[in-house]
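Have a look at the fold before reading on.

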Amino acid sequence: MRTKIWIPHKAGLPYFDDLATDVVVEVANEPAALPSDPDGVEFWVPTFLGQPDLRGLVAVLPDLRVIQLPSAGSDAWSDILPPGVVLADARGLHDAATSEWVVSAILASLRSFPAFHRAQRAHEWAHDRLTPTRELRGRRVLVVGAGNIGTALARRLAPFDVELTLVARTARPEHNVRGVAELRALLPSADIVVLLVPLTEHTRGLLDARMLAALPDGALVVNAARGPVVDTAALYAELAGGRLEAALDVTDPEPLPPGHPLWDLPNVLLTPHVGAITDSMRGRVYELAAAQARRYLAGEPLHNRVV
């Protein structure tokens with residue numbers, strides 16, 4: 001039986017051109033229209049954001065040995081991973097794009113771009129009503145998550161002359177990183193809090209009503225992590241009262257359903273989980289996936305192994 005590799009886009013096929021002739025690469029992007037019999041599929045890149053949820057295929061891939069995710073987050077796969085299957089993520093691949101989204105969201109919020117856009121659509125010259133806006137320079141920014149994306153964000157924020165504090169699960173004093181146990185004490189001094197942590201049992205509901213209440217009036221909450229890291233009901237209460245602002249690339253629930261009250265709040269900037277999705281993303285993912293496939297076929301250890 002030939003070894004099969006399944007990927008989610010035909011655009012990825014050229015990246016696997018140099019594999020051995022006894023390896024076949026096929027495009028599997030629809031659960032109801034698989035490219036061939038699932039037998040023999042050993043290496044699988046399951047899906048990109050916006051494509052059908054293919055997690056149900058795990059149960060019908062008897063020869064599966066590796067799942068290579070295109071995302072840095074793997075929380076949706078850990079509970080369904082069959083014994084003996086390696087799960088690898090795309091840690092480090094989306095650092096630039098996601099950190100750029102965070103900087104863009106912060107600047108857009110502070111400079112009131114959403115409000116100016118609403119005024120543009122209403123043909124209103126809103127100079128007097130919407131000015132002055134706020135500068136990023138001198139703001140106290142608290143970044144919760146000191147991994148690859150957090151450190152990439154720190155580099156991008158440095159030219160703005162902000163007062164930056166990084167928080168990780170464990171303090172690293174030698175790198176000026178504070179521990180998450182200090183978060184409650186750090187929040188009252190933050191103008192902006194950015195969430196960049198994975199979703200785990202420790203981070204679910206991390207920013208709850210008590211934590212949000214500790215933020216000063218006018219603080220901006222930026223979530224580029226996962227929706228459930230924030231207590232949605234508690235966040236909505238703070239936002240609806242006008243005490244806080246938010247820029248959200250992720251929500252809970254997600255996708256955010258029509259009619260959800262977050263849609264209509266004027267102090268919320270919402271994007272549909274697109275922080276990492278740029279015109280360069282697909283190529284980066286397939287370069288990683290093809291390199292990982294070569295390692296697997298050669299019997300070499302995989303990078304970015306989660307399990």
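Predicted model: local features only at pLDDT ≥ 70, side-chain atom pairs only at ≥ 80, totals over all residues.

Strand 3 and strand 4 (residues 66-68) sit side by side in the parallel sense, paired over 2 bridges.

On to strand 1 (residues 3-7): it runs parallel to strand 3 (residues 41-44), and 3 bridges join them. Here K4 has V41 of strand 3 as its bridge partner. Zoom out and you get an open sheet of 5 strands, ordered 2-1-3-4-5, with parallel pairing. Strand 2 (23-27) and strand 5 (86-88) are the edges, each pairing on one side only. From one strand to the next the twist averages 25°. Helix 8 (residues 281-297) packs on this sheet and touches strand 1, strand 2, strand 3, strand 4 and strand 5, with its direction at about 145° to that of strand 3.

The strand pairings with a bridge count, side by side:

| Strands | Sense | Bridges | A bridge pair |
|---|---|---|---|
| strand 1 and strand 3 | parallel | 3 bridges | K4 and V41 |
| strand 6 and strand 7 | parallel | 5 bridges | V143 and L166 |

The last row brings us to another part of the chain. Strand 6 and strand 7 run parallel and are joined by 5 bridges, and V143 finds its bridge partner in L166 of strand 7. Is strand 6 enclosed or open to the outside? Since 4 of its 5 residues are buried, strand 6 is largely enclosed by the rest of the structure.

As for the spacing, an α-helix has 3.6 residues a turn, so residues three or four places apart point the same way.

Now for the cores. The largest nonpolar core has 32 residues, and the ones touching the most other members are L142, V144, L187, L207, L212, L215 and L239. Strand 6, helix 5 (183-186), strand 9, helix 6 (209-214), helix 7 (232-240) and strand 11 (245-248) each give two or more residues to this core. What does V144 touch, leaving aside its neighbours within four places in sequence? V144 is in contact with V167, L183, V193, V194, L195, L196, V197 and L206. There's also a second, separate core of 27 residues, with V102, V143, L153 and A168 among them.

Stepping back, the protein chain has 8 helices and 12 strands. Its radius of gyration is 22 Å, close to the 19 Å that the globule rule gives for 307 residues, so the chain is as compact as a globular protein of that length. The C-alpha atoms fill a box of roughly 70 × 50 × 35 Å along the principal axes. Of the 307 residues, 48% count as buried. Among contacts between residues at least 6 apart in sequence, 58% join residues at least 24 apart.

One note from the records: an unreviewed UniProt entry places the feature "domain: D-isomer specific 2-hydroxyacid dehydrogenase NAD-binding" at residues 104-275. Over that stretch the chain is 28% helix and 17% strand, and the end C-alpha atoms lie 10 Å apart.

Conventions: Residues numbered from 1 in each chain as written. Heavy atoms only, no water. UniProt positions renumbered as here; feature names shortened; annotations may be inferred. Pairing = 2+ DSSP bridges. Axes fitted to C-alpha atoms, helices over the stretch in contact; angles between N-to-C directions. Contact = heavy atoms within 4.5 Å. Core = buried A, V, L, I, M, F, W, Y, C linked by side-chain atoms within 4.5 Å. Buried < 20%, exposed > 50% of the residue type's maximum accessible area, 1.4 Å probe, protein only. Rg over C-alpha atoms; globule rule 2.2 N^0.38 Å.
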